[in-house]
Amino acid sequence: MDVRTVRRQLAALLPEARPTGEGEGTLELLAASSVDAPRLISATVLEGSGPLKARRVFGGPEPAFRAFLDGTQRSQVAAHLHGIPIVVGTAAAVIRDRRNRRMHTWSPPLVETRLYAPRDLVGARAWESLSALSRGQLVDTTDREHEAGAHPFTLKDAAYHGVQAHREDLERRLAERWCTVENDRLFIDGGISGSEAVAVSSCTVGVVKSHRTLYAEGPALAVVLGLGHRERSSVFVINEKASRRTKVASWYLRLRDPSGRDPMWGLVRVEIAHPGPEEKHAIGDRADEVSRWILAEASPLSLPDARWDKMVYGIRDCEEFLRAVAG
Amino acid sequence: MSSILGRVVATERRPNTPHEFHFWTALDSPVGIGTIVRVDGRDAVNGVLPHVYGIVTEGFSWTDLASPLHDVMGFDGLPDAESLHHTNRAEIRLYTAAVLRHVPEEPLQPVPMGTVFLADESDVEVALRMDGYLKPGARTGIPIGVYRAGGTDAPIYLDADFLIGPEAAHLNISGVSGLATKTSAVEWLLQSIFTHFPAQKGSVAAVCFNVKGPDLCYLDQPGDIDEADRGLYEKCGVTPDPFGNVQYFAPYKSDGVSLNTLRSNEALLDNVTSLTWGLREVLQYAEVLLNKDDVDAKADALIDFIKENVLDKKFVDPMLERPHSVTSFADLDAWFRDVLRGLEKKDDQSWRTHHVATIRKVRNRLSNISLRCKGLVADDGATSDLPFGSFQDRTVYVIDVAGLEEDAQDLIFARVVTKLREHLEKRDLGVQHVVVFVDELNKYAPGDGPETYVRKMLLDIAERGRYLGLVLFSAQQFRSQVHRRVVGNSGTALYGRMDGDELATPGYAVLSPAIKTKLATLEKGQLMVRHPHFTQPIFVRFPRPAVMRGRDGVSRYPAAQSVSLHAAVLRTLRVLDPSLTLGWLQDVTQLATDDEILRARNDVVRTRPTDVRKAFAAHFRAAVVPRTASRPHAPAPLPAVPSDDPYGF
């Protein structure tokens, strides 16, 4: 089920719907200009005593990841029904397994497409038609909490976040499957706290590239932004109870020399399972070890991707693969 | 069924067409330039799933890098920083293939998306349309070699109807010198033709001109071949044996005693025959030796007069001192002398409309022929020739002209080919098809330069020979330097390793850069084949011919050293009668001149009598029987002096 098919079938089922043109951009492009507001959150330092510090990662890079997990999403307005956007969203996730330096797909990728529409606004007949068209993969984007819930932008945002949640769900399913059947290390693009099974596994490492939320305030922030090449911050705890995420250990790591660059250049945040009481004293060594694994993935470069300073090549490979199979 | 090799791809910028398509493969796939593949279409057309056969003509590879600079940065500018990388970049192997055949042929559509397989033996047969001439009962396939790719070993057949005629004919082979490809390929192909030429098409023989070195001098001697070659022979159904029937012909050296060939070792002389022509044979082809500047219309008229009125006839003229019967160059010279003497006596400037200057000029040029072609042209009219009229099936006739002057080579070539054509026209050659092999074609039929008799003749064979069964197999280093009508009429073309400059000429513009690269680096024993049934050039391997290589032959059978006249004549005669001895020969010829001995030898070699001794001795006058000197009679005693003789003292 792709956008063209949906447009064609909608024209037959709901003649009053007005299909969008071929040049219509994706919601992901629109969302880029309306992302969440930046936040600073103070975090509890887990490593050593005292405030957050910069620490040098000694030792050469050590390749240790066997596989890489990433997901993609793509959502597009297929038609407007009385001005209400009907969105087609495709989410996909894959694990790419590295064997003999070449990337291969580990188990079939997950690719799913859903329709997004506000049930309250489209009417019962149209909802039935859309439900039939999507073969049950229809998601209600009705926003009953906001006054502007009928605003098309609000509806598009809701659809976009629905697709995002879908993508995260696929990533989580794959990661959990990996943790069930494999013991080797898995590099996950993004945080690991969304799934408890993944968050407590010793074989998963999450690497976050976006820093809309920084877990440092005041002097700690200066330490993070001032990290040099092959330096990491002290390990701290992320424990967002409000979002019901699992507690994980985290730290910032500078993959590349930031001289003359933006403070975020080559900066990633690493998440691993929170250590048990008996492992807490060794969390620094563990962070160094995982940092060496991640530094080993800094080459080859992920160019021409614009995020190449933070993105490892295995994740770029996942994205390219999903672009090929899911569009 | 073989496993999937690749998948067809097409983009707007690189679409598929009915004659070309693209596919990608795994990085370790055994595909290369020249590999034959089969595409199985996904969607049926008119209820039939389309199959397309193609041959790889170009290959591409790239990674997801947008700029080489990105790779430099990834390696920190250090080419040996391999340890930095733990993942190889995504990489593609994309190939372009030229379509060999669509099945079904209609409707002719762009190559569909589908899966790509390596062609197996039966696929190769269909792809190259060989299935049309390999049918049981109507098989006309001649193996040229083995196509080898990705574990597929498929013999490649040429269609005899298109190689030997009558549909098309002739073969031309190009390649750089020194790789033993051109001559070896022709020797192998002749073996293959002799084995597989269909019985229903009749008989076939080959006439090879050995123009350089000892290349063709040991075709009847076994050569060394390895196991790989044996495998190729087995695959092609040819027995790895030397040629069973080979006849060698070579003129004498200028001394008229020893044969002008590297195959002069006594152990190999049993199938070597001298090539000797007289006035009659040469005069028919006078224009080969006399260029246009020499022979104007007046001279041509005199030569025609001689051919029609003088040659082999009793010629009587009141001006001449005596009747003439001209059968040899010596007779002709005597005739010329008589004519010129007569004119001098009459103090006249012309005779029978021919001016004295023209007569002198023609005499000079014709007399000169016997000097320029000494060893080939006999003054005495003796002739030893190819067995026109009794050619044998599956026999190779090698004419060794390697040691001759260019004029003599031209003369031999012109006469032999013309005689072959004449006999084939009359259907009395002895065989129905003759393959004529000429090396160094750029010398005999150059693309530029003056029009020569030999070039005209080659053009004639190339354009009309196939109807007669006269087939030209030609070879040269640079195809671009050969007359285009000669190579253009060759239905089949073979290419060995090619020179880069040659490949840059317009004649090779149809080949892709990858094919040209492959041609420039072809190994020994590999050829690119173009044949009327093949819509694209095909690469094949052929075995080393199972004959002794020239340089091996020369070291194993060294050419005979120059010997005395008697020893040379004896060596020739002993081929016919091994019981002859040098003492006998010296006894028989003790009163004969050298010319008489040579004439007798030529006659015996030509007639091959049963009793060689008797036939040879018959040429010489019997020596006077020696008689024992008897005691001379004593002179009569002087009469006694009378006693009364007053003067008796």
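How many Å separate the centres of domain 2 and domain 3 of chain B? Taken over C-alpha atoms, 39 Å. Keep in mind that this is a predicted model.

Let me place those domains. Chain B is divided into domain 1 (4-127), domain 2 (153-268 + 398-552), domain 3 (280-372) and domain 4 (563-617). Domain 2 of chain B puts eight residues into its contact with domain 3, and domain 3 of chain B puts in seven. Which helices supply the domain 2 side? H11 and helix H13 (453-468) of chain B each give at least two residues. H11(B) gives the most, with five. By class, the domain 2 side has four nonpolar residues, four charged and no polar ones.

Stay with H11 for a moment. Helix H11 of chain B covers residues 406-426, which is 21 residues. At 1.5 Å a residue, it should span 30 Å. Its end C-alpha atoms are 30 Å apart, so expectation and model agree.

Now domain 1. Residues 4-127 of chain B make up this domain. The strands to look at are E1 to E6 of chain B. Six strands close into a barrel, in the order E1-E2-E5-E4-E3-E6, with antiparallel pairing. On average, neighbouring strands are turned by 40° against each other, direction ignored.

Some pairings, one by one. Strand E4 (residues 51-63) of chain B is joined to E5(B) by 12 bridges, antiparallel. There, Val56(B) has Ala97(B) as its bridge partner. Strand E2 (residues 20-25) of chain B also runs antiparallel to strand E5 (residues 91-103) of chain B, with six bridges. In that case His22(B) is partnered by Thr96(B). Then strand E3 (residues 36-41) and strand E6 (residues 114-118) of chain B pair antiparallel over five bridges. Asp40(B) faces Thr115(B) of E6(B).

On to domain 4 of chain B, residues 563-617. Helix H18 (residues 565-574) and helix H20 (residues 594-607) of chain B pack with their axes 10 Å apart, at an angle of about 10°. Angles under 35 degrees count as roughly parallel, so H18(B) and H20(B) are roughly parallel to each other. Who makes the contact? From H18(B), Leu565(B), Val569(B), Thr572(B) and Leu573(B). From H20(B), Asp594(B), Ile597(B), Arg601(B), Val604(B) and Val605(B). By class, that contact has six nonpolar residues, one polar and two charged.

Next, the two chains together. Here 12 residues of chain B are in contact with 16 residues of chain A. The chain B side divides into four nonpolar, six polar and two charged residues.

Last, backbone geometry in chain A. Most residues other than glycine have a negative phi, and most peptide bonds are trans. Chain A has exceptions of both kinds. Asn100(A) is not a glycine, yet its phi is positive, about 55°. Asn100(A) sits in the loop between strand E6 (84-99) and strand E7 (102-117) of chain A.

And the cis bonds? Ser299(A) and Pro300(A) are joined by one, with omega about 0°. From Leu303(A) to Pro304(A) the peptide bond is cis too, with omega near 10°. Where do these prolines lie? Pro300(A) is in the loop between helix H8 (283-295) and helix H9 (313-326) of chain A. Pro304(A) is also found in the loop between H8 and H9 of chain A.

Conventions
Residues numbered from 1 in each chain as written. Chains lettered and ligands numbered in written order. Predicted model: local features only at pLDDT ≥ 70, side-chain atom pairs only at ≥ 80, totals over all residues. Helix = DSSP H or I, 4+ residues; strand = E, 2+ residues; numbered from the N terminus. Expected span 1.5 Å × (residues − 1). Contact = placed C-beta atoms within 7 Å. Nonpolar A, V, L, I, M, F, W, Y, C, P; charged D, E, K, R; others polar. Pairing = 2+ DSSP bridges. Axes fitted to C-alpha atoms, helices over the stretch in contact; angles between N-to-C directions. Parallel < 35°, antiparallel > 145°, perpendicular 65-115°, else oblique. Domains from an automatic or database assignment.
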